[in-house]
Amino acid sequence: MEVIILPTPDEVGRVAAAKIAAVVRKKPSAVIGLATGSSPRGIYADLRRRVEAGEVSFAEAHGFALDEYIGIPLEHPESYASVIDRDVVKPLGFASDRVHVPNGRAAIPAVAANEYDTAIRLAGGVDVQVLGIGTNGHIGFNEPTSSFASRTRIKTLAPSTREANARFFDSIDDVPTHCMTQGLGTILEAGMLLLVAQGSLKADAVAAAVEGPLSSFVPGSALQLHEHAIVVVDEAAAADLQLSSYYRSTYENKPEWQHVA
Ligand code: F6R
């Protein structure tokens, strides 16, 4: 795992965006795994700037969102289908028919979840998966105790997740109780995992995921099983890391030949 500690949230977005842009320049039809929430906003903003500057194009790229709420209509402004369309598809110029979001409104959700997992495989798998992390250590909506082998499925949101996401709704009562999320096993099949975190509220979860024991109690620790996981954090989110000086000096002195992406 590579851990990159940067001074500001803007830098986190810029460095993570540069990695995605490099993947898409090399493979214009790359499959990007898309997270929602606040954490990746800086990435999408920086990618938009790169698209407008002609540095990269997502016209041929594919996208698969990590998760979707169950119980709100498609056109709700906070459905992840709406968020992905607003924050990613339109600003980055993806073709909308190449970007997929789990169908949280399916009559038989378990079937839709299986189909979503299959669709990712049929698209050739995710090349780079963008991830945020919840204060409880979740990635996607894989709440604590999610199996490392889990596939796309229905989950019950943890109370802390509903509280954290209440800021996007009128009240906590409006936050859905269930979701459809890519599983940890699904996420681990991506070619590269790119997790970003900013702010002191994430410090505990980042330290537990990066340096703690491998445990389904901290779903983010699944990154330790991946051969190409990159964690990009600002100073505040890095505050509880024990080996921060090692990560800093490794990044600052990284020779060109050590760059794999
Ligand atoms: C969203 C997702 C979640 C968020 C996490 C952090 O698609 O999968 O895991 O990344 O809840 O949310 P923010 O970024 O809003 O702090």
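Which side chain has an N or O atom 2.6 Å from an oxygen atom of the ligand? Hello everyone, that one is His 138. The protein covers 93% of the 410 Å² of accessible area that the ligand has on its own (Shrake-Rupley method, 1.4 Å probe).

A quick word on the model: it is predicted, local features need pLDDT of at least 70, side-chain atom pairs count only at pLDDT 80 or more, and totals for chains, interfaces and linings use all residues. Residues are numbered from 1 along each chain as its sequence is written, and side-chain values use heavy atoms, with hydrogens and water left out.

Back to the ligand. Ser 39 has a side-chain N or O atom 2.4 Å from a ligand oxygen, and for Thr 36 a polar side-chain atom lies 2.7 Å from a ligand oxygen. For reference, a polar contact is a pair of N or O atoms within 3.5 Å; within protein, one must be able to donate a hydrogen and the other to accept it, and residues adjacent in sequence count only if both atoms are side-chain atoms.

In total, 15 residues surround the ligand, and Gly 140 and Lys 202 are also among the closest (a heavy atom within 4 Å counts as near).

Finally, the whole chain: its C-alpha atoms fill a box of roughly 55 × 40 × 35 Å along the principal axes. Thanks, everyone!
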